[in-house]
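Please take a look at the model below.

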Amino acid sequence: MKKYVEKRNGGYYIAGKRVSLDSIVYSYWNGASPEGIQSSFPTLTLEEVYGAIAFYLANREDVDKSIEEGEIEFEKLRQASREKDPAFYEKMERARIEMVVEQ
C-alpha cells in the first residue's frame with residue numbers, strides 16, 4: 001500500500017514533498033475540490049491529493065489536534081514578534097489602513 005502522508009518535524013506532510021497536510025486540509029475545509037487543490041499545489045499529483053484527503057478523513061482527530069497545536073504555536077510566535085518590535089507593527093498597520101482608504 002502506498003503511503004501518502006508522513007509525520008516529520010512535528011507535523012504531517014505529503015510523503016516525499018515539502019507540502020504540509022495542513023495546507024491540503026485548509027483547502028478541503030474551504031470547499032476546494034481535489035482538482036482545485038492539485039492545481040494550487042502543482043508539485044502534487046491528483047492521486048497524492050486524494051490520498052492526503054483520505055488520510056485526513058481516517059485520522060481526523062489526530063490531524064485536527066496537530067493543526068490546533070500549530071495554530072496555538074503560530075499565535076505565540078506572532079505575539080512575541082509584535083512585542084519585540086511594536087514600532088514596526090504600528091507602521092505596518094498605518095500603511096495597511098492607508099491602502100484601504102485609498103481604495
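Helix 4 gives the largest share of the lining of the largest pocket, 4 residues. Helices (H or I, at least four residues) and strands (E, at least two) are DSSP runs, numbered from the N terminus. This is a predicted model: local features need pLDDT of at least 70, side-chain atom pairs count only at pLDDT 80 or more, and totals for chains, interfaces and linings use all residues. Residues are numbered from 1 along each chain as its sequence is written, and side-chain values use heavy atoms, leaving out hydrogens and water.

By class, the pocket lining looks like this:

| Class in the lining of the largest pocket | Residues |
|---|---|
| Nonpolar (Ala, Val, Leu, Ile, Met, Phe, Trp, Tyr, Cys and Pro) | 4 residues |
| Polar (the others, Gly among them) | 6 residues |

Is E48 buried or exposed? E48 is buried, because its relative accessible area is 9% (buried means under 20%, exposed over 50%, partly exposed in between, with a 1.4 Å probe and protein chains only). Setting aside residues up to four places away in sequence, E48 touches Y4, I14, A15, K17 and T43, where contact means heavy atoms within 4.5 Å.

Finally, the whole protein chain has 5 helices and 2 strands, in the order β-β-α-α-α-α-α from the N terminus on. Its C-alpha trace spans about 55 × 30 × 20 Å along the principal axes. Of the 103 residues in the protein chain, 22% are buried.
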